[in-house]
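Work through these exercises with the model open beside you. Try each task before you read its solution.

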Amino acid sequence: MKIHEYQAKELFKNYGVAVPEGVATSSVEEAVKAAEEMKANGTSLFVVKAQIHAGGRGKGRTKKNNAKGVILCKTIDEVRDAAESLLGDTLVTIQTGEEGQVVKTIYVTDGVDIEKEFYLGILLDRAKSQNVIMVSTEGGVEIETVAEETPEKIVKEWVEPGMDLAPNQARRLAFALGFEGDAFKKAVKFISALYNFYVEKDADMVEINPLVLTPGGDVLALDAKVTFDGNSTYKHKDIQELRDTSEENPIELEASKYNLNYIKLDGNVGCMVNGAGLAMATMDIIKLSGGEPANFLDVGGGANVETVKNGFRIILEDPNVKAILINIFGGIVRCDRVANGVIEAIKDPEIAKKVEGVPIIVRLQGTNAEEAKVIIDNSDLNVISAVLLKEAAEAVSKVMAA
């Protein structure tokens, strides 16, 4: 689950993570009012930032007004102009793709003076099964670029599961960034507080790029990107309330209502599977057969009539889908029951109308796979059965070549 920058910074404050002052708003007048109040409190420079669930906003541009996603303003009038140019326009960044995302909220924040920029990120290192804190002196640059071109500039500290971040680890990270004196103490406090937030809120990732040192010696999170483990949000009502469904793909959102794991892709072959690993293998098979996967759809362990029906509904929302490959492994669930469920789902009047003219390939393997194939073959429906992956791949090839 993703949240906006302004939401992340509000959460940071509760953990003692230092951030610049700022106000989120969805109207031009409120943006101007916020800037006026900030000016009265001593702010002389403002930054107006588009709030969308995508990175690269600073380098992005809006479609209509060709405005940057992050605009530096010296006057109240410039804040007004920035707000007008962003709100309601579509921002295109390297992460949104050409379709972009509509800017519905902006964040008016204090344009702090910067002496130096850094990078700080926290996430799970799956290879080590440990949380890892990464820092770099190359702030303001995509960390992927740093990792590729100058990996020696990334310093890491791993934390044992169930253990707190040790004070000496936070000090090593602050030292690696070159902090000294009072700024060093503030950096140690910042890193420790941010890690506490990451653990206690069950975050998937926390990224500060840039983390900045001001001429006055303050250490601040100038930007904030946070994602949470969707399986843990039931424990955090405050996090659940921050979900912005308007930023999510409508089909993916619909799928989540049925407990289906769905991710839309750009291909033409829809796939319905049970298990994430099998989903990845299925997408590989589709590509090897000359097609392109249109989605990742994991129906989970219960491939029954209802889940299959809902899976069809979700997949067929995509007009690019020209064929569907159902790849189910029958372990706990029997393949013959899945086959009957697929047939019943296809015969449903609503589904039947949608799948008309769309070839369906069903590959069932596991318990009672042979019986399942007989059921599919005798169904008199436009369904192609397969038992082996090779058979499924060949069926996909024939369908895409037709």
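## Exercise 1: The cavity

The largest cavity has a volume of about 40 Å³. The model is a predicted one.

**Task.** Find which elements give two or more residues to the lining of the largest cavity.

**Solution.** 
Step 1. Start with the count: there is one cavity of 30 Å³ or more.
Step 2. List the lining of the largest cavity. Val362, Arg363, Leu364, Ala369, Ala372, Lys373, Ile376, Ser385, Ala386 and Val387 line it.
Step 3. β18 (360-366), α13 (369-377) and β19 (383-386) each give two or more residues to the lining of the largest cavity.
Step 4. Look for the main contributor. α13 gives the most to this lining, with four residues.
Step 5. Sort the lining of the largest cavity by class: seven residues are nonpolar, one is polar and two are charged.

## Exercise 2: The largest pocket

**Task.** State how many residues line the largest pocket and which lie nearest its centre.

**Solution.** 
Step 1. Note the volume. The largest pocket has about 1,600 Å³.
Step 2. Count the lining: 38 residues line the largest pocket. Nearest its centre lie Glu248, Asn249, Glu252, Tyr262 and Ile263.
Step 3. Trace the elements. At least two lining residues of the largest pocket come from each of β6 (101-102), α8 (250-257), β14 (261-264) and β16 (295-298).
Step 4. Divide the lining of the largest pocket by class. Twelve residues are nonpolar, 15 are polar and eleven are charged.

## Exercise 3: The second largest pocket

**Task.** Find which element gives the most to the lining of the second largest pocket.

**Solution.** 
Step 1. Begin with the space: the second largest pocket holds about 1,100 Å³. Its lining has 42 residues, and the closest to its centre are Gly56, Arg57, Asn209, Pro210 and Asp223.
Step 2. β2 (46-50), β4 (70-73), β7 (106-110), α4 (143-149), β11 (203-213) and β13 (225-228) each supply at least two residues of the lining of the second largest pocket.
Step 3. Check the classes: the lining of the second largest pocket has 19 nonpolar, eleven polar and twelve charged residues.

## Exercise 4: Strands and faces

**Task.** Decide which side chains of β4 point to the buried face.

**Solution.** 
Step 1. Recall the rule. Side chains in a regular strand alternate between the two faces of the sheet.
Step 2. Apply the rule to β4. Ile71 and Cys73 point to one face and are buried.
Step 3. Find the partner strand: β2 and β4 pair in the antiparallel sense over four bridges. Leu72 in β4 is the bridge partner of Val47.
Step 4. Now try another sheet. An open sheet of three strands runs β3-β5-β6, with antiparallel pairing. Its edge strands are β3 (61-62) and β6, and each pairs on one side only.
Step 5. Zoom in on one pairing. β5 (residues 90-92) pairs with β6 over two bridges, and Leu91 stands opposite Gln101 in β6.

## Exercise 5: Cysteines

**Task.** Explain why Cys271 forms no disulfide.

**Solution.** 
Step 1. Count the disulfides: there are zero.
Step 2. Set the cut-off. A disulfide needs two cysteine sulfur atoms within 2.5 Å.
Step 3. Compare. The closest cysteine sulfur to that of Cys271 is in Cys335, 18 Å away, so the two are too far apart for a bond.
Step 4. Cys271 is buried, with a relative accessible area of 1%.

Note on methods. Residues numbered from 1 in each chain as written. Predicted model: local features only at pLDDT ≥ 70, side-chain atom pairs only at ≥ 80, totals over all residues. Heavy atoms only, no water. 1 Å grid on protein atoms, 1.4 Å probe; cavity = no way out; pocket = protein on both sides within 12 Å on 5 of 7 lines; lining within 4 Å. Points joined across faces, edges and corners; volume = space filled by probe spheres on them. Nonpolar A, V, L, I, M, F, W, Y, C, P; charged D, E, K, R; others polar. Buried < 20%, exposed > 50% of the residue type's maximum accessible area, 1.4 Å probe, protein only. Pairing = 2+ DSSP bridges.
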